[in-house]
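Let's look at charged side chains that pair up across a protein chain. Here is a short briefing on where such pairs sit and how accessible they are.

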Amino acid sequence: MTTLGDMLIEARKKSGLSAHDMAQRTHIMLAAIYSLEDDNHSALPAAGYVRGYILSYCKVCDVDPTPFLEQYEVQSGNSRRDAISRPSYSYATNAAPRKIEHEMNWRVVAIAAVVIVVIAGAILLLTRDNDGPSLNPLPAGVETTVTANPSEYVPEEQRIPFSFTIEAREGHASDVRVVIDGNVAFDGALIDGSEEAFDGVLEAEIQIARPENVIITQGEDNVVIPDDGELTLIAFEE
């Protein structure tokens, strides 16, 4: 029996791409690519995300996603189909696939968002001091430097603590990993307007699976996120 994983691998190889190439082009984590191709659905997130992964995968391979989505539903046992309208479009155009993902997110994320926000809120209450200071922008005369190149880091003695927030755009989601001063501060999904705030930071290393779905703000300014979703935030005096 031909599985979804077999179909995906065949489409990828016909496109002359490796699994690593697919992860880079779809902004899906490599571990999720392997889980899709291995039919390891238990290692994947909610069905709505998996459908989005399949749509992105098929877009890169320039193939019709319909048989891949149908095969996923057969194997996963999830008979519920999100309403996906498919107007005529070329896979060379980004607008239609993004519209499909947007429509899927509104339906699937509605339930998942409630659960994740409740869990995230409970974790925050347990791990953060409620009596601590509120988030503040950097003091006057302080500039935030954003770089993805560790060789350009400012010496530690010149750095100043700062605050920033990461938020998922409305109707969108992304896996996010944040390492604050060498310690993992957050590693999970931000969904449909949910956010994480960080205070007293000297250095923040950030990895975002889908940069276009996330907003990073420092004070009143939006931080520019590179296309690969990897950046480092450092604050220092001019």
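Arg177 forms a salt bridge with Asp187, with the closest N and O atoms 2.9 Å apart. A salt bridge here means a side-chain nitrogen of Lys or Arg within 4 Å of a carboxyl oxygen of Asp or Glu. The model is predicted, so local features need pLDDT of at least 70 and side-chain atom pairs count only at pLDDT 80 or more, while totals for chains, interfaces and linings use all residues. Residues are numbered from 1 along each chain as its sequence is written, and side-chain values use heavy atoms, leaving out hydrogens and water.

- Helices (H or I, at least four residues) and strands (E, at least two) are DSSP runs, numbered from the N terminus.
- Arg177 counts as partly exposed because its relative accessibility is 29%.
- Asp187, at 51% relative accessibility, counts as exposed.
- Buried means under 20% relative accessible area, exposed over 50%, and partly exposed in between (1.4 Å probe, protein chains only).

- Arg12 forms a salt bridge with Glu37, and their closest N and O atoms are 2.6 Å apart.
- Arg12 is in helix α1 (residues 4-14) and Glu37 in helix α3 (residues 30-37), so this pair ties together parts 25 residues apart in sequence.
- Arg12 and Glu37 are buried.
- Glu73 forms a salt bridge with Arg51, with 3.6 Å between the closest N and O atoms.
- Glu73 in helix α5 (residues 66-76) and Arg51 in helix α4 (residues 47-61) are 22 residues apart, and the pair links distant parts of the chain.
- Glu73 and Arg51 are both buried.

**The whole structure**
- How many salt bridges does a search of the whole structure find? The search finds four.
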